[in-house]
Amino acid sequence: PWLIPQIDLDSILIAIRIATYGQYLESNYSCTECKAENGTQLDLSKTLDYFSNLQYNPNVDCYPLSVTLRPFNYKEQTELQQQQYNLRRILLKSTGNEDMPEEDRNKKLDEFYNTLAKYQITAYKKQIATVEADDVRVADAQEINDFINNSDKGFFQKIKAHLEDLQALWQVQSQTTTCSECGAENKVKFTLDNSDFFATKS
């Protein structure tokens, strides 16, 4: 299971959830206008259809170069999330002292965001499968990393933007729902959190 592409994982979890608890996932939200508590639900069957109709586009045109991407597998995504979680724990522990001077607190925050950005950049680089130019094709991870580090900043920005677009596509889309109290429309985001995705509401 560690080698399952991350983009397929949500579909697998949704199919298991539908088979176990049915096609609807319930959630609560606070209205952005009147703050009233509302209940809503996600139709998992439609969400599964949404993922089934998506096509992963691995190609990035960076003329005169051509880049081919690959999705993270479950193991790689889990390792990235663990790194981010550990980093946040360190931040909370190091800035939790109320007596800490503001200057030191800001320094810790800067270090946190810089490290977090490095983790994300490394994750982007790992998703580059090949770089091609004319008849030359590079697939070695270290060679690709060295090439990215020495290339124009705009080259990597194109890859980063493409990966961010893919990430936005390959997630459960926000649902528009109407507040029962004031009638305002709200965008409700559902997350397939493993910790409670398979738990029934009490």
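Analyst: Two strands count as paired if DSSP finds at least two bridges between them. The model shown is predicted. In this model, strand 3 and strand 4 form a hairpin, with two residues between them.

User: How many bridges join strand 3 to strand 4, and in which direction do the two run?

Analyst: Strand 3 and strand 4 (residues 65-69) run antiparallel and are joined by four bridges. Within this pairing, Asp 61 stands opposite Ser 66 in strand 4.

User: Which residues of strand 3 lie on its covered face, and which on its uncovered face?

Analyst: In a regular strand, side chains alternate between the two faces of the sheet. In strand 3 (residues 59-62), Val 60 and Cys 62 make up the covered face, whereas Asn 59 and Asp 61 make up the uncovered one.

User: Let us turn to aromatic rings. How many aromatic pairs does a search of the whole structure find?

Analyst: Rings pair if their centres lie within 6.5 Å, and planes over 60 degrees apart count as edge-to-face. The search of the whole structure finds six aromatic pairs. One of them joins Tyr 50 and Phe 51, an edge-to-face pair at 5.5 Å centre to centre with 65° between the planes. Phe 112 and Tyr 113 also form an edge-to-face pair, because their planes stand at 70°, with the ring centres 5.0 Å apart.

User: Finally, how should I read the largest pocket, and what is its volume?

Analyst: Rolling a probe the size of a water molecule over the atoms shows where empty space is left. Here the largest pocket has a volume of about 1,000 Å³. It is lined by 32 residues, of which Gln 6, Gln 77, Gln 81, Gln 167 and Trp 170 are the closest to its centre. Helix 1 (6-21), helix 3 (74-95), helix 4 (102-126) and helix 6 (153-169) each give two or more residues to the lining.

User: Which element gives the largest share of that lining, and how do the residues divide by class?

Analyst: Helix 3 provides the largest share, seven residues. By class, the lining has 16 nonpolar, twelve polar and four charged residues.

Notes
Residues numbered from 1 in each chain as written. Predicted model: local features only at pLDDT ≥ 70, side-chain atom pairs only at ≥ 80, totals over all residues. Heavy atoms only, no water. 1 Å grid on protein atoms, 1.4 Å probe; cavity = no way out; pocket = protein on both sides within 12 Å on 5 of 7 lines; lining within 4 Å. Points joined across faces, edges and corners; volume = space filled by probe spheres on them. Nonpolar A, V, L, I, M, F, W, Y, C, P; charged D, E, K, R; others polar. Phe/Tyr/Trp six-rings, centres within 6.5 Å; stacked < 30°, edge-to-face > 60°. Buried < 20%, exposed > 50% of the residue type's maximum accessible area, 1.4 Å probe, protein only.
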